[in-house]
Amino acid sequence: MDAMPASFVSKARTAFNSAAAKAERVLTDLKSHREEEEQSTRNHNYSKEENEVKHQGWRTAHIRKKQEWQNKLNNLRIGRRKEVEDQDKFEDSAMAIPFYDANLYILKAKQEQEAKESDVGYLVETLNAVDVNSIPRASIVKQLAVAIKAGKGAKTIIDFVAPSGNSSPVKEKGGLSLSAVKSLVLGEQEDKLCFDTGDEKKLVSLINSLFNADGNFLIRMIVSDLGSPSNRVSFTKDLHAAPPDSFVVKLAEVIGSFTTPRRMALFWFKVVNELRRFWDEEKHIPCIPVDENPDLKSCLLHQWLQVINCCLDRRVRCIAASEALDAAISQASSGNEDSDNSEGMGSPVSLLYAKNTTGELVLRLGAHHQVENLIMLETGEAVYAPVTQDGPLLTEDLIKETEELVLRTGSMGAGCSQLLSDMQAFKAANPGCTLEDFVRWHSPPDWTENDTSSGDYSSPPRGQLSIRMQKAGNLWRQLWETAKPLPAIKQTPLFDEDLAVEGILNSLEDIPAAELFEQLFVSLVALGFVMVEPVISTNDDLSKLFFECKDYVVAICEGGAVTDKLDDLCQVYETVEAMLLRPEKVLRSMKQTEKSLSGVNGTKQRFKRLSFVFRGKEGNQKRVPSETEQKCMDPAPAVFWSF
């Protein structure tokens, strides 16, 4: 048995000496009382010898006096005993003050720190003070991992927040790890269905900082001059994460800073409400590309936000096109145009009118610009490219749904509708045009021109359509015959921006909790690796371990095993963070581990090192690996340490 602490032995010795002193005082008092009693007895005998002839009442009085002395002695003893007990209680209470448990002291300090971190004001101050050269803390990444585990059983984020009446907390916590259960227990103690009323202003300030495009909130210094200029983009796409400088990454760091999964989800609802307000007020989401098609290599959350910004730009263009068409019609109806100048290219009239096959001037509608070196075959008029409708904005989930629809129904999808819309817009912008004119503009490979060595482009060229266009029942010819001259702005929209954004906002409100937190988790991990790589890649001692970590993360994400490997990914990220903050400690740990495993060679050493690192406290727990884990076992890296 180990030796007791010195403080405990000293206290025990003090208590023993105090008890001995008390016992000695009691014995002394008893001895003095006994001597007094013996003296009283001697006096009594002497008095008896001197007064043998006295009255019998004297003896009775003497006996009564002796009884009184015995009672006094007993009372004295009882009083002493009570005094000793009271003194013992007093000294025990005095000794209880310096006697404390170190574990309880540490637990109390930890609880005070957790209470401080759960304060929204402290969270806002911490996020505003983030260094541009620092990577997101490993504790934030771990908190997102805890939220992923906690949200596995919820179909939507709303179900994750709302308490279930028939759910059992014991059953729900039974399948979670220790860290997840700890977070849930803390959440039950300190978390509520909503934030405190005093936190509302702080949350509004946090939302404003997050959506402020001109501010420096969570701005990171990302170095991109690596060996390949596309290295940073390639890594984030391999992880299917959001770009490092995107809104999603900032959102991930903010949400991961909350102390409980429920508060993380509640803040997400506030973010969705702010996204809805930005759409209603026609404001772009900051740190999201403007007027770009969704990047299918990024996470779905980033794609959705791209669609919102793109739809906002399309709405602006639609309004501008409608105003331009109204202006053209107004100019044509005013009668101020000079028909004699209609042949002058670039004049207002040449943009408004074109001669049809009968030589009559017809108003051009929805013309965008003139196509160089292209004139209509029948009329000889210049061909104008029309303003066409934009195609649908397809995210990865919509592409999957479209493919399933085509396979199930045999439909041609949106391609047929897009082609018909382009034909109608082309007819409106080019009165007197033919199918051949449209094919020459829309699909040049389907038109073969005759050899013209003269190079004269003033007269219509001669040629023929491709074989597929000449076949009977060709779809292009059927659509051309049904198409009517109608500018794109007057057509039925192929893609309803308002409906699309409303659907995205509803999806954001109903997104599964685990799916949301997983996308935020992966995006934040990607940011950390992107920022660390330029620093570690120049260090020969640490670069090998870093790239092993990087390859391992890529293998896990590409294999779809993120949820099965959360603990390992957190440990890998913690190792990378230690490389940046405490490189000397990492090097010492590497040398110690290599020395301890020097007797094992080859593949056996590799798996032993993996076992040494990842099992940790769970080394004695055996389980059958999942299918996704088996897929990701081969590309696993060599070794990671926990710091």
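Two strands count as paired if DSSP finds at least two bridges between them. Keep that in mind as we walk through this predicted model, beginning with a pair of strands that passes the test.

Strand β3 covers residues 367–375, and it pairs with β4 in the antiparallel sense over four bridges. If you'd like a spot to look at, find His-369, which stands opposite Ala-385 in β4. The two strands form a hairpin, with six residues between them.

How many of its five residues are buried? Five of the five are, so the strand is mostly covered, given that buried means under 20% relative accessible area. Both faces are covered: Ala-382, Tyr-384 and Pro-386 are buried on one side, and Val-383 and Ala-385 are buried on the other.

Let's step back for a moment. The protein chain has 26 helices and six strands. Of its 643 residues, 38% count as buried. And if you take the contacts with a separation of 6 or more, 75% of them come from residues 24 or more positions apart.

With the helices in mind, let's pick out two of them. Two packed helices are described by the angle between their axes and the distance between the axes. Helix α21 (residues 513–536) and helix α22 (residues 540–558) pack at about 155°, and their axes are 11 Å apart. That angle makes α21 roughly antiparallel to α22, because angles over 145 degrees count that way. Their crossing is left-handed. On the α21 side, the contact is made by Val-522, Val-525, Phe-529, Val-532, Glu-533 and Ile-536. Helix α22 brings Leu-542, Ser-543, Phe-546, Phe-547, Cys-549, Lys-550, Val-553 and Cys-557. What kinds of residues are these? Eleven are nonpolar, one is polar and two are charged.

Most residues other than glycine have a negative phi. His-240 isn't a glycine, yet its phi is positive, at about 60°. You'll find His-240 in the loop between α10 (231–238) and α11 (247–256), where it is partly exposed, with a relative accessible area of 31%. Glu-282 isn't a glycine either, and it has a positive phi of about 55°. Where is Glu-282? Look in the loop between α12 (261–280) and α13 (300–334). Glu-282 counts as partly exposed too, at 43% relative accessibility.

Conventions. Residues are numbered from 1 along each chain as its sequence is written. This is a predicted model: local features need pLDDT of at least 70, side-chain atom pairs count only at pLDDT 80 or more; totals for chains, interfaces and linings use all residues. Side-chain values use heavy atoms; hydrogens and water are left out. Axes are lines fitted to C-alpha atoms, for helices over the stretch in contact, and angles run from 0 to 180 degrees between N-to-C directions. Angles under 35 degrees count as roughly parallel, over 145 as roughly antiparallel, 65 to 115 as roughly perpendicular and the rest as oblique. A crossing is left-handed if the near helix is turned anticlockwise from the far one by less than a right angle, and right-handed if clockwise. Contact means heavy atoms within 4.5 Å. Ala, Val, Leu, Ile, Met, Phe, Trp, Tyr, Cys and Pro count as nonpolar, Asp, Glu, Lys and Arg as charged, and the others, Gly among them, as polar. Buried means under 20% relative accessible area, exposed over 50%, partly exposed in between (1.4 Å probe, protein chains only).
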